[in-house]
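Please look over the sequence and the model below before reading on.

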Amino acid sequence: QVQLAESGGGLVQAGGSLKLSCVASERIFSTYTMAWFRQAPGKEREFVAAISWSGRSIDYTDSVKGRFTISRDNANNTMYLQMNTLKPEDTGVYHCARDSTAKTWYDASNRYRYNYWGQGTQVTVSR
């Protein structure tokens, strides 16, 4: 059973920064696309960013482009999300997710392709 553990969330003022981490329990982390999703109260879980197993392919939702950076360290089974210039609308629980199929990238923003999820870390951005 794959376990994903997020950390790094917190309370920050608008314009501030946070860096989230996601550590995976499996040795074959390096063969799977990984992603970040977020969920605000009363809203659907939405795609934030994805990174392919090699790190060569990256995708972001439009609202975070230029502000967020996704990266991964396959040697340490860890994925990151650097979040800069945070806005109140970035508030939510951020979950990391692992793809269900190794070495695939097609439709990386589709939440239904991910079958392992972390518990999430809360990010709150105040005005």
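A residue is called buried if its relative accessible area is under 20%, exposed if over 50%, and partly exposed in between, with a 1.4 Å probe and protein chains only. Helices (H or I, at least four residues) and strands (E, at least two) are DSSP runs, numbered from the N terminus. The structure is a predicted model, in which local features need pLDDT of at least 70 and side-chain atom pairs count only at pLDDT 80 or more, while totals for chains, interfaces and linings use all residues. Residues are numbered from 1 along each chain as its sequence is written, and side-chain values use heavy atoms, with hydrogens and water left out.

Start with the chain as a whole. The protein chain has eleven strands and zero helices, so its elements, read from the N terminus, run β-β-β-β-β-β-β-β-β-β-β. Its radius of gyration, taken over C-alpha atoms, is 13 Å, close to the 14 Å that the globule rule gives for 127 residues, so the chain is as compact as a globular protein of that length. The globule rule is 2.2 Å times the number of residues to the power 0.38. Along its principal axes, the C-alpha trace spans about 40 × 25 × 25 Å.

Of the 127 residues in the protein chain, 43% are buried. The accessible surface of the chain, from the Shrake-Rupley method with a 1.4 Å probe and, for residues, only the protein chains shown as cover, comes to about 6,600 Å². Carbon and sulfur atoms account for 45% of this surface. Contact means heavy atoms within 4.5 Å. Among contacts between residues at least 6 apart in sequence, 59% join residues at least 24 apart.

Now take single strands. In a regular strand the side chains alternate between the two faces of the sheet. Strand β1 (residues 4–7) has L4 and E6 on a covered face, and A5 and S7 on an uncovered one. Two strands pair if DSSP finds at least two bridges between them. Strand β1 runs antiparallel to strand β3 (residues 18–24), and four bridges join them.

The hairpin of β5 and β6 has six residues between the strands, with G55 at a positive phi near 90°. Five of the six residues of β5 are buried, so β5 is largely enclosed by the rest of the structure.

Which aromatic rings pair up? Rings of Phe, Tyr and Trp (its six-membered ring) pair if their centres lie within 6.5 Å; planes under 30 degrees apart count as stacked, over 60 as edge-to-face and the rest as tilted. A search of the whole structure finds four aromatic pairs. In one of them, the rings of F37 and F47 have centres 5.7 Å apart and planes at 70°, so the pair is edge-to-face. F37 lies in strand β4 (residues 34–39) and F47 in strand β5 (residues 46–51), so the pair ties together parts that are ten residues apart in sequence. F37 is buried, with a relative accessible area of 1%, and F47 counts as buried at 10%.

The rings of F37 and Y114 have centres 5.5 Å apart and planes at 70°, so this pair is edge-to-face. It links distant parts of the chain, with F37 in strand β4 and Y114 in strand β10 (residues 114–117), 77 residues apart. Y114 counts as buried at 4% relative accessibility. F37, F47, Y114 and W117 form one aromatic cluster.

A charge sits over a ring if NZ of Lys or CZ of Arg is within 6 Å of the ring centre and within 35 degrees of the ring normal. R45 lies over the face of W117, at 4.8 Å from the ring centre. The charged end of K19 sits over the ring of Y80, 4.6 Å from its centre.

R127 lies in the segment after β11 (121–126). R127 is exposed, with a relative accessible area of 82%. Leaving aside its neighbours within four places in sequence, R127 is in contact with A14 and P88.
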